[in-house]
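Look at the fold below before reading on. Start with the sheet, then move to a helix and the chain as a whole.

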Amino acid sequence: MELLNLDEELKTAKDAAISAGRLLYENKNDLNKSIFSSDTDIKLKADIEAEDLIKSILIKESSFPILAEESGKPEGALEETFWVVDPLDGTANYARNIPLCCVSIALMNKMKPVIGVVYDFNNNNLYEGSFDGEAKLNESIIRVSDVNEPKEGILVTGLPNNTDYSDSALLKMVKDFQEWRKVRMIGSAAIASCFIASAKADVYKEFGTYLWDVAAGAVIVNAAGGKAEITNFRDNYQVDVHFSNSKIID
């Protein structure tokens, strides 16, 4: 960690996220074109062009390899330190003009996120955090909520592409929901994470999301005084997450 200049890498991540966000926002009419779709997923021209832009900036300004949602990882094993990029988290929202989507960039060291940037370009909100710094929203420090019971809190969750929709799985989910005052599904794991960091909600959890969806948010949640747990790493970079304000145990 001591060999990393986190301030310099954070600036690079912010520059890349803002540049990609502006591209996505200003060129939406051209970029909102489907290049792949299935029953549960969609990929747009926007995903590819935003990722290409981000990678070009990271390659120019940084020496670390890149794991990205669309292009995957470089050949061979990833190094100890590497970037994780989601060029457009919430693609389906973007496609349907739901303003809950963002650019998400994280730097990993020894499989722990140490820098995180999430740019909510629709609202011009830049969230950031680092291993040894404060969490910020547009340069103002943010902190998690003080809610300490689910019955007073808001849970944010999601349903990944391979969600188990069996009766038993759905019943378990509903029973969990009943513990909370409110439950929200917003379609962007990165923004959900930032909602925890900025006290808009209290717990975000999801099973089978992807590392690039949540790595940046994990840093921001931790830097805001919360607790971000990423567990059950799969070979395809699927993970389980539980991000909280650190006061609610559920």
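Seven strands form an open sheet in the order S3-S4-S5-S6-S7-S8-S9, and their pairing is mixed. Strands are DSSP runs of E with at least two residues, helices are runs of H or I with at least four, and both are numbered from the N terminus. Two strands pair if DSSP finds at least two bridges between them. Strand S3 (66-68) and strand S9 (140-141) stand at the edges with a single partner strand each, so one side of each has no neighbour in the sheet.

This is a predicted model: local features need pLDDT of at least 70, side-chain atom pairs count only at pLDDT 80 or more, and totals for chains, interfaces and linings use all residues. Residues are numbered from 1 along each chain as its sequence is written, and side-chain values use heavy atoms, with hydrogens and water left out.

| Pair | Sense | Bridges |
|---|---|---|
| S3 and S4 | parallel | three bridges |
| S4 and S5 (residues 102-109) | antiparallel | seven bridges |

Some residue partners can be named. Leu 67 stands opposite Val 84 in S4. Ala 68 faces Val 85 in S4. On the S5 side, Asp 86 has Ser 104 as its bridge partner.

Is S4 mostly covered or exposed? S4 is mostly covered: nine of its nine residues are buried. Buried means under 20% relative accessible area, exposed means over 50%, and partly exposed lies in between (1.4 Å probe, protein chains only).

Next comes a helix. H6 (residues 189-197) is also mostly covered, with nine of its nine residues buried. Among them are Ile 191, Cys 194 and Phe 195. Just after H6, Ala 199 takes a positive phi of about 65 degrees.

Now step back to the chain. Its secondary structure comes to seven helices and 14 strands. Its radius of gyration is 17 Å, close to the 18 Å that the globule rule gives for 250 residues, so the chain is as compact as a globular protein of that length. That radius is taken over C-alpha atoms, and the rule is 2.2 Å times the number of residues to the power 0.38. The C-alpha trace spans about 50 × 45 × 35 Å along its principal axes.

Buried residues make up 51% of the 250 residues. Of the contacts with a separation of 6 or more, 61% join residues 24 or more positions apart. Contact means heavy atoms within 4.5 Å.
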